[in-house]
Amino acid sequence: MYNQIVYGSLLHPKELQRHGISLDLIEFVKVSNFQRVFNQEPSNRKSDSINRAVLNIQKVENSFFNAILIKNISKKSLQELDIREKGYDRLNLEDGLVRYYTDNKIAKNCFVYIGKKGKQNEQILPNTSYLKLCLNGARSYFDEFYNDFINTTYQNTNDGLELISSI
């Protein structure tokens, strides 16, 4: 069985419940050598506005982002999530990159969705309602988790990337 890493709208408990994922199947983790950024063109949340970016991750050494690990994802849930995440590819993470908040031990057999090549755009800003959903999801757990979300989530600017906390 595999463990799925989620880092965007699926952080929200109601989004997890919509997919039949019980909160007792989740753990809180940190994923090393990746950065979370609002640079993904949406596949489901269509908009012509500049405020249309959804979350993605990209490889960046010495970075991390926090996330939720869904333990032993079922084949049915995986099929549903593959449809939901149609703008993303499934990426198996190297063991050692994912660690639990509780004891810093390594989580194994993890995968994450990463934006398909060509779906990134450095000119777009976060979709406002999507950002709110992600923030409320992160806020629904514990202070350190929420603060880590704010301090490891980036958005586009004219000069590159900046933390969303500076919005």
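The buried residues of α2 are covered by, among others, β1 (3-6), α1 (13-18), β4 (88-92) and β6 (110-115); contact here means heavy atoms within 4.5 Å. This is a predicted model, where local features need pLDDT of at least 70, side-chain atom pairs count only at pLDDT 80 or more, and totals for chains, interfaces and linings use all residues. Numbering runs from 1 along each chain as its sequence is written, and side-chain values use heavy atoms, with hydrogens and water left out.

**Exercise 1.** Work out which residues of helix α2 are buried and how they sit around the axis.

*Solution.* Start with the terms: helices (H or I, at least four residues) and strands (E, at least two) are DSSP runs, numbered from the N terminus. Buried means under 20% relative accessible area, exposed over 50%, and partly exposed in between (1.4 Å probe, protein chains only).
- In α2 (residues 75-84), Ser77, Leu78, Leu81 and Arg84 come out buried.
- They share one side of α2, because their arc around the axis is only 120°, taken from the directions from the helix axis to the C-beta atoms.

**Exercise 2.** Classify the ring pair of Tyr2 and Phe111, then that of Tyr101 and Phe145.

*Solution.* Rings of Phe, Tyr and Trp (its six-membered ring) pair if their centres lie within 6.5 Å; planes under 30 degrees apart are stacked, over 60 edge-to-face, the rest tilted. The count comes to 11 aromatic pairs.
- Tyr2 and Phe111 are 6.5 Å centre to centre with 70° between the planes, which makes the pair edge-to-face.
- Tyr2 lies in the segment before β1 and Phe111 in strand β6, 109 residues apart.
- Tyr2 is partly exposed at 42%, while Phe111 is buried at 2%.
- Tyr101 and Phe145 have centres 5.8 Å apart and planes at 50°, so that pair is tilted.
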